[in-house]
Amino acid sequence: MDFLRIIQSNETAITERKEKEMPESIFKQVSLDILRLHQQTVRSLLATQCCNDCEVHDAIYVTLDGRYYVWLPCMAEAKQPQTGILLIEDEDSHARLSWVASTREVKQKDSLYNRVVSALQRKMRRTKNKFNQTADARLLELTPQQGRLTTDSKDLSLSPHDLVKALYPATYQLGEFAL
């Protein structure tokens, strides 16, 4: 199955799917897996389709406010992909998280750009890796649409709401309290 058909079938599933929350008992089982996976990984794979070619990028990432930001150090000026598939995997814990996400480029002039670059630098320092900023690098914002978490014992669909709830539990709980 080619990349475009995968994207189209996922987009169809998203539009047909009614937003409903994952039952709390199941969410409690997977939220720790989601959080741990984000804490233990630095790199991701991002598959996109540009100019009718499928490209796979090995990229560092961070999450801010329920969105992923990936740093693509070698992406030349090309037509920006509208959709991508993001894969985050930890082979040691046999956990894999994938998202179909809409994309947009964050330009250097955007105030968000410096905030994300600072977060990427902090993440790289924690792992004692170097963050390389090159002239042809691009920063992409990915807004998750439909996700899937796979572990040894679980294979679950995730919504963007599940991601935010797992990564920012205190914020989520404060929001519920305010209602």
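**Rings, strands and cores in a predicted chain**

Lys 165 lies over the face of Phe 27, 4.5 Å from the ring centre; a charge counts as sitting over a ring if NZ of Lys or CZ of Arg is within 6 Å of the ring centre and within 35 degrees of the ring normal. The model is a predicted one, in which local features need pLDDT of at least 70 and side-chain atom pairs count only at pLDDT 80 or more, while totals for chains, interfaces and linings use all residues. Numbering starts from 1 along each chain as its sequence is written, and side-chain values use heavy atoms, with hydrogens and water left out.

Another charge turns up at Tyr 61, where the charged end of Lys 123 sits over the ring, 3.7 Å from its centre. Tyr 61 is buried at 1% relative accessibility, and Tyr 68 is buried at 0%. Buried here means under 20% relative accessible area, exposed means over 50%, and partly exposed is in between (1.4 Å probe, protein chains only).

Now for the overall layout. The chain has five helices and seven strands, in the order α-α-β-β-β-β-β-α-β-β-α-α from the N terminus. These elements are DSSP runs numbered from the N terminus: helices are H or I of at least four residues, strands E of at least two. Of the 179 residues, 42% count as buried. Residues 24 or more positions apart make up 67% of the contacts with a separation of 6 or more, contact meaning heavy atoms within 4.5 Å.

Strands β4 (residues 83-90) and β5 (residues 95-106) run antiparallel and are joined by eight bridges; strands count as paired if DSSP finds at least two bridges between them. Thr 83 stands opposite Ser 102 of β5. Four residues lie between the strands of this hairpin, and His 94 has a positive phi near 55 degrees. On β5 there is also an antiparallel pairing with β6 (residues 138-150), over eleven bridges, in which Arg 104 is partnered by Glu 141.

The largest nonpolar core has 24 residues, and those with the most contacts inside it are Ile 34, Tyr 68, Val 70, Leu 86 and Leu 142. At least two residues each come from α2, β2 (53-64), β3 (67-72), β4, β5, β6 and α4 (160-167). A second, separate core of 16 residues includes Leu 64, Tyr 113, Val 116 and Leu 120. A nonpolar core is a set of buried Ala, Val, Leu, Ile, Met, Phe, Trp, Tyr and Cys residues joined through side-chain atoms within 4.5 Å.

Val 116 sits in helix α3 (residues 111-126) and is buried, with a relative accessible area of 0%. Not counting residues up to four places away in sequence, Val 116 touches Val 62, Leu 64, Tyr 69 and Leu 139. Tyr 69 is 47 residues from Val 116 in sequence, yet their C-alpha atoms are 7.2 Å apart.

Leu 35, in helix α2 (residues 24-40), is partly exposed at 25% relative accessibility. Beyond its neighbours within four places in sequence, Leu 35 is in contact with Ala 166 and Leu 167.
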